[in-house]
Amino acid sequence: MTVTAAKKSRRLPDLSRAPVVDEVGVNERVARFQSRSIKKSSKVEALKLILSMIDLTTLEGQDTPGKVQQLCQKAIHLHDSMPGLPHVAAICVYPTMVGVAKEALADHDIKIASVATAFPSGMSALKVKLDDARMAVKAGATEIDMVISRGNFLGGDYRYVFDEIVAVKEACGDAHLKVILETGELGTLDRVRKASMLAMSAGADFIKTSTGKIQPAATMQVTLTMLQAIRDHYRDTGRMVGMKPAGGISTSKLAIHYLVMLHETLGNAWMTPEWFRFGASSLANDVLMQLLKQSTGLYQSLDYFSKD
Amino acid sequence: MATPGNKLAFDGGWGYDPAPESTDHIDVKSRYGLFINGDFVKPEKGKYFDTINPATEDKLSRVAEASAVDVDKAVKAARAAYRGPWGRMKPAERSKYIYRIARIMQERACEFSVIESLDGGKPIRESRDVDIPLAAAHFFYYAGWADKLEYAFPGRTAKSLGVAGQIIPWNFPLLMASWKIAPALACGNTVVLKPAETTPLTAMKLAEVIADAGLPPGVVNIVTGAGAAGAAIVDHPGVDKVAFTGSTNIGRMIQKSLAGTNKRYTLELGGKAANIIFADAAIDQAVEGIVNGIFFNQGHVCCAGSRLFVQESVADEVIAKLKDRMETLIVGDPLDKNTDVGAINSTMQLDKIQSYLKIGQAEGGDMHQSSCTLPNKGYWCRPTIFTGVSQSSRVVQEEIFGPVLAIQTFRKYDEALTKANNTPYGLSGGIWTDKGSKIFNMTQKIRAGVVWANTFNKFDPTSPFGGYKESGVGREGGLHGLDAYVKLGVK
C-alpha cells in the first residue's frame, strides 16, 4: 500500500459505538494471568524474550550525552559474562539525544526510539510537534513515541486527536510510530479502549500505555484492554499493531505476567520484539539477576550488574 | 503477516512447563472405615470399595461400604449425641467447636486441596482458590450464627430438629459437606453425612478434623457408600431431616420415599442455567463469563451456565472470541497449577457426557471442541460448544453436567426471557449488559434461585442458594440456610 492509499484508508471510527469494558471482569482476568506458574525452561525462555523486548529508556531533563552513551553500551552488552543473551530491542531517549545514540549504537541492530510531539504533556501546537518528530527522525530515530492530546480527547474532540496522529505518522516517514495514550490521565478503561481504536485507525504501528511521567503508568488492566483492542483491530482489518506497556514494570515476575497475558490474548505472532515492547529502565537488571539465578541457583548482588 | 481469516494462533511457540503441586505432604491412608461415634470403625459387613484418581485411574485408597446396619449405628450415635452433650450444650459453646473446625480446615488447606484434586479430578487452582477456602468460610459464617438464632428469626423461637441425614454429590465434595454440616451444627442438630461414592476422601479428612476439634462423639458421623447407604439414611426412622444435593431423578425418589413421613427435607438438584449476553454487554468480559460459567470444574456444576443465549448482532463475534478463548484453556493434570480444566470425575460421567455429544450431533447441532491434546490415561473431555441447536434439542433441555455448552441466539429481550424460562429447571442464570435497568428488569423475571449480572458462578456463605421448579426445594447458605435446620415457634 502506498502512503497516500494508506492515508486514505484511515477513517476515524464511530467511537460512540466502541465496545464497553467491565473493570471487575478485567480485574478477574488479570488475576488469572497472575496465577499462572511459570517455571524451569519456560521461565528462562520468557526471561530472554523479555530482555529482547525491552526499550531501554532514559527520559530525564538531566540526561547527558555520557549517560546516553553508557545506556547504549548497556543495550549492546547486557551482561557479557553470561553467554547467549539477546540484546534489548531499542533504546528510548529525547530527540536531542538521538544523534548521540546513533553514533554509539553504530551498526548494531538496536533500534533508536525517540519520544517526540512535546513529550510528555503534548501541550503544544501541531506544527511544533511535527517539527519535533521530524527532527528526531532526521537525527536517526527509527521509532517515534508520540503522545496524544489528552485534553482534546477527554473533551470529546476525537477528530483533532485523530488528525494529529495522522499528521505525525506522515511526518515520521519510514520510522515506526508508537502512540502513547497516557492511560493514567484517561481515567476509565472505556476511554482506554476508545483511544486505542482511535490511535490504531489513525495509523499507529504501536500503541503504548504511558509516558512514565504520570501515575499510574502501565497496569495489566490497561494493557489487557489495549491488547483486546489490538486483537479486534486485527480481526477487522488484518493489520497487526504492536503493544508497549511502559512505566512501573520493574520486576521479572511482573514482566512474565505481561507475557502470559500477551500469549493468551494475542497468541504467538505477537511474542516478538517486533510486536511487543517493555518501556523500562530498571527491568533489565532484574531479569538478568533472575536468569543468573536460574543457571547458578544463587541470587547475585545487584553490584554485579551495571546500572546504566 | 496476517494469517488466513485473521485468526490468532495459540499453539506452538512459548508454552508453560509442568508446575505440579507436590503430593509429598498429604496423608491418605490405604483404607478408611466409617466415622461413627467419634471413631473410624469397620463396616459391619466388612465390605470396602476403591476410590481412584480420575486423571490417572490409579487407586488412591479403599473406603468402607456402609450397609443399613452401619447407617443405623450412625443414626443412633447421632441421636445419643443430640440427647446428650450436644443438645445440652450452650449455643456459644457450640459455636466454639464450629470455629475450631473452620480454623483447622484453613491450617490444612493445602492438604485438603491436593486430596480434593486427586480424588475428584478438579484443577488444583480451583480446589485451592475456591473449594477449600469457601468450605472453611461456611464453617466460619455459621459458627457466628450458633448463639444468635433468636436474631435470625425475630419474634420467633428457633429449636433444633434432631438428627440430620445428609447426602452430598461428587462435584464439590468438601464444600458440599460444609454447606450441609455447618448450618446443621450451628442450629444444634447432629449429623449423619454420606459423601459421594467417587469422592469420599476429603470427607474422611474432614472426619479427622472433626475428631481433632474435639467434638463430642456422635455429633458428626460420616458413612461412605453408594446409593443403598443413601437410601438407608433417607428411610431411617430416626432421621428428622434429610438434606440432599444431587440429580433431579434421585431427588424425586427421595421425595417419594419421604412422602407421608414427618421428616423435613431440602433438595438441591439439577440445573440448566441460561446465560444471556446482550449486544451492549462488555463482550470480552462476557466471554470470560461464558467460559467460567460452563468450563469451571469441567462443567460439573449444578448451576453451570450451560445454555448460552447471545443477541444476534454480536453472536458471530462472541462465538469467534469464545473459540479463541477455548484454545487457551489448559486441559490436563489436575495437580498442575496451570491447569484450567481437569479430569471428568468418573467413567460413568464421561460416558454420559459422550452420549450427549453424540445426541447433539445427531440432532443437527454443530459441535466445536478445543484442539487440546488429552492425556492417554484417565477420563477427559475437551471443552465443547454446540451451535445450531434449538429449544427442542436434548442438549439444550437436559442437564449434561460436563464441559458442554449449547448456544442459541435471540433478537429481542422478550425472546431471551421466554427461552430462558422455558426449562423445567430454575437454579441459576446470568445476564450480561451494560445497562442497569435491563439487569433489574430481567433478574426479576428469570425464574431461578440465583441470577448473576455481569459475572457468573460467584458464591459466598452469606448468600442463599437454591432452586425453582425441578431444581429443588429450600435454600442453603446465608440466613435462609438456617431455616432448613430449625423448628420455629411462637415466643
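Visitor: Two residues count as being in contact when their C-beta atoms, placed from the backbone, lie within 7 Å. Leaving aside its neighbours within four places in sequence, which residues is Val63(B) in contact with?
Guide: This is a predicted model, and the contacts are read from its coordinates. Beyond its neighbours within four places in sequence, Val63(B) is in contact with Tyr32(B), Tyr48(B), Phe49(B), Thr51(B), Pro200(B), Met204(B) and Thr224(B).

Visitor: Is Val63(B) buried or exposed?
Guide: Val63(B) has 25 other C-beta atoms within 10 Å. A residue is called buried when that count is 20 or more, so Val63(B) is buried.

Visitor: And which strand does Val63(B) lie in?
Guide: Val63(B) belongs to strand 5 of chain B, which covers residues 59–64.

Visitor: What order do the strands of that sheet take?
Guide: The sheet is open and has 3 strands of chain B, in the order 1-5-4, with mixed pairing. Strand 1 (31–32) and strand 4 (48–52) of chain B each have a single partner strand and stand at the edges, so one side of each has no neighbour in the sheet.

Visitor: How many bridges hold strand 1 of chain B to strand 5 of chain B?
Guide: These two strands pair in the parallel sense over 2 bridges. Arg31(B) stands opposite Arg62(B), and Tyr32(B) stands opposite Val63(B).

Visitor: What about strand 4 of chain B: parallel or antiparallel to strand 5 of chain B?
Guide: Strand 4 and strand 5 of chain B run antiparallel and are joined by 5 bridges. One bridge pairs Thr51(B) with Ser61(B). The two strands form a hairpin with 6 residues between them, and in the turn Glu57(B) has a positive phi of about 65 degrees.

Visitor: Changing topic, where do the domains of chain B fall?
Guide: The domain assignment gives domain 1 as 31–269 + 469–490 and domain 2 as 274–453. Taken over C-alpha atoms, the centres of these two domains of chain B are separated by 30 Å.

Visitor: Why is helix 7 of chain B described as largely enclosed?
Guide: Helix 7 of chain B has 14 of its 14 residues buried, so the rest of the structure largely encloses it. This helix, residues 173–186, reaches 20 Å from its first C-alpha to its last, close to the 20 Å expected at 1.5 Å a residue. Gly188(B), which follows helix 7 of chain B, has a positive phi near 95 degrees.

Visitor: Now the two chains: how many residues of chain B are in contact with chain A?
Guide: On chain B, 25 residues are in contact with 32 residues of chain A. Helix 11 (residues 283–295) of chain B gives the most to the chain B side, with 4 residues. By class, that side has 10 nonpolar, 9 polar and 6 charged residues.

Visitor: Over in chain A, which strands run parallel to strand 1?
Guide: Strand 1 of chain A runs parallel to strand 8 (residues 278–280) of chain A, joined by 3 bridges, and parallel to strand 2 (residues 90–93) of chain A, also joined by 3 bridges. Leu56(A) has Ala280(A) as its bridge partner in strand 8 of chain A, while Asp55(A) has Ala90(A) in strand 2 of chain A.

Visitor: What covers the buried residues of helix 12 of chain A?
Guide: The cover includes helix 3 (40–52), strand 1, helix 11 (252–265) and strand 8 of chain A. Among the buried residues of helix 12 of chain A are Leu283(A), Val287(A) and Leu291(A). Just after this helix, Gly297(A) takes a positive phi of about 80 degrees.

Visitor: Last one: what confidence does the predictor give?
Guide: The complex has an ipTM of 0.95 and a pTM of 0.96. For chain B, the mean pLDDT is 97, and 99% of its residues reach 70 or more.

Technical notes: Residues numbered from 1 in each chain as written. Chains lettered and ligands numbered in written order. Predicted model: local features only at pLDDT ≥ 70, side-chain atom pairs only at ≥ 80, totals over all residues. Pairing = 2+ DSSP bridges. Nonpolar A, V, L, I, M, F, W, Y, C, P; charged D, E, K, R; others polar. Expected span 1.5 Å × (residues − 1). Buried ≥ 20, exposed ≤ 12 C-beta atoms within 10 Å, placed from the backbone. Domains from an automatic or database assignment. pLDDT = per-residue confidence, 0-100.
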